[in-house]
Amino acid sequence: MSSQRFYTGDEQGLVKVVTITELPVVKVKRARRNQPTPEPPVKPVPTVETWGTPDREKAVQLLCWDHEKKHLAVARKNGLVQLIDPKEKGTVIAEFKHTLGKEGKVETIFVGLFANSESIITCTNTGVVTIQSIQDATQTKVLNVGNDICRMRVHPREHHIIATGGKEQELTLWDLNELGKDPSEEKKQEPVINGKKGAKNGKASATSKTSSSSSIADNKNGASDTRYKSKEILSKGQLFKAKNVKNDNLDLRVPVWNTDLQFLSQYDHSRIAVGTRHHQIRVYDTKNGARRPVVDKEVGDMPVVAFSNGKDASEVVFSDTVTNVFSVDTLTGDILGQYKGFTGVATALATFTPFEDESTTHLVSVALDRCLRVHEMSNTRKLLHKVYLKQRMTAVVVGEYAPPELAEEEDEGETSKKSKRAGDGEGNDEDDDDVWESMGKLQDKKLKKRKAAKE
């Protein structure tokens, strides 16, 4: 039997380990006459292990694996960021404290979390990005990426590249190496503005004139100046900043409110999918030089809550505020299908491949109805498992997978099975002979009665 493990976080600060065991497929043989039908195997009950004690001040806001998938990183409501060892039943290895206050009536919460073997990267809705060293607690770097941030994601391979978006905050790509440079080091270098080096002597001014004239000549030749224009507005550390879509049919500005985003490829950061508060799905391509989305489509009628990658880069899965979970084609923006069975808002989504076969993909989700669900990502979108977890879930990550143990069949066992089958066959033949003999005796009695009646 194979088993799949999941780790969830809830509003009461508990981390739960859910282990779902899948039975092997067994073909039920057809029963013989006058024999009871064999009962199907009993489906095993999922096991749930709880770490921690209930405390709403320690509510889990975000949950993720480190880059090597050895430890779990947990971001809590009270500002604690912990590293947990799952092999030691949730033992806290490292713990860091962040000060989360209030700005007016709005509470400061974590909107981004990432961990690797060296550091932990967190982001709050106030735009404060903190890079905390795991080995040395005193080494901390604090950066700012703007206000009203709703989501921060770190690229899965290039860990120095992050993407942010929020309320009136367009999708922005940041390079943490450039953003974290000291201004004193930049003053030592020659300032570069729009590709022109500032200098006091006449030679530098002459070179600037030639560079400007060459750029004008390129524009005359038909070269695209979209990249050149985008570089003019990029601030320190920014690699790309999106531009709002065109005005609507009433010539009114379209409001910006990005709620979640995902990198579509782990090998490249050029294509990014974004979900908005105004039920829009947008896809940006930073390589083509355009700052506006290449795909922009309204899906449903409710705001996007959670976002996850699909089976490949051409699909994303999202949930909204009325228990809908859709899969969308990132090339066209069309809805591919809907996942059923939800009675609460899905707060977190994740996709995984439970078997070695890459063609099989499953979707795991947790919702405010206190249930964990596993769906099959196929044309049927069948609900495979449903586990009730008592608390309202806020985060989920996919754990390790245990493949089924292959039993070795011995020759002696096979021969013994064959001999048993042969013995059963001989007994059946003898029973059949007795039945046929009894049928012959009954026919003889009937013939004798008919002859006696005629006489």
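Start by selecting E11, R56 and R392: a network of salt bridges links them. A salt bridge here is a side-chain nitrogen of Lys or Arg within 4 Å of a carboxyl oxygen of Asp or Glu. The structure holds 10 salt bridges.

Before moving on, note that this is a predicted model: local features need pLDDT of at least 70, side-chain atom pairs count only at pLDDT 80 or more, and totals for chains, interfaces and linings use all residues. Residues are numbered from 1 along each chain as its sequence is written, and side-chain values use heavy atoms, with hydrogens and water left out.

**Stop 1: D260 and R153**

Select D260 and R153. They form a salt bridge, with the closest N and O atoms 3.0 Å apart. The pair links distant parts of the chain: D260 sits in strand β20 (residues 258-263) and R153 in strand β14, 107 residues apart. Strands (E, at least two residues) are DSSP runs, numbered from the N terminus. D260 is buried, at 2% relative accessible area. R153 is partly exposed, at 23%. Buried means under 20% relative accessible area, exposed over 50%, and partly exposed in between (1.4 Å probe, protein chains only).

**Stop 2: the sheet that holds β14**

Now show the open sheet of four strands in the order β14-β15-β16-β19, with antiparallel pairing. Its edge strands are β14 (149-154) and β19 (238-241), each pairing on one side only. From one strand to the next, the twist averages 20°. For these angles, axes are lines fitted to C-alpha atoms, and values run from 0 to 180 degrees between N-to-C directions. Two strands pair if DSSP finds at least two bridges between them. Zoom in on β16 (residues 169-175), which pairs with β19 in the antiparallel sense over three bridges. T172 stands opposite K241 in β19.

**Stop 3: K287 and D268**

Select K287 and D268. This salt bridge has its closest N and O atoms 3.1 Å apart. K287 lies in the loop between β22 (280-285) and β23 (295-298), and D268 in the loop between β20 and β21 (271-276), so the pair ties together parts that are 19 residues apart in sequence. K287 is exposed at 54%; D268 is partly exposed at 22%.

**Stop 4: T343 and its neighbours**

Go to T343, in the loop between β27 (335-339) and β28 (346-352). T343 is exposed, with a relative accessible area of 63%. What does T343 touch, not counting residues up to four places away in sequence? The list is T323, D369 and R373. Contact means heavy atoms within 4.5 Å. The side chains of T343 and D369 make a polar contact at 2.8 Å. That term means a pair of N or O atoms within 3.5 Å; within protein, one must be able to donate a hydrogen and the other to accept it, and residues adjacent in sequence count only if both atoms are side-chain atoms. D369 also meets R373 in a salt bridge (2.7 Å, N to O). R373 is buried at 0%, and D369 is buried at 13%.

**Stop 5: D85**

Finish at D85, in strand β6 (residues 80-85). D85 is buried yet has no salt bridge; K87, the nearest side chain of opposite charge, is 6.6 Å away. Lys and Arg count as positive, Asp and Glu as negative; His and the chain ends are not counted. The D85 side chain does reach the backbone nitrogen of K87, at 3.2 Å.
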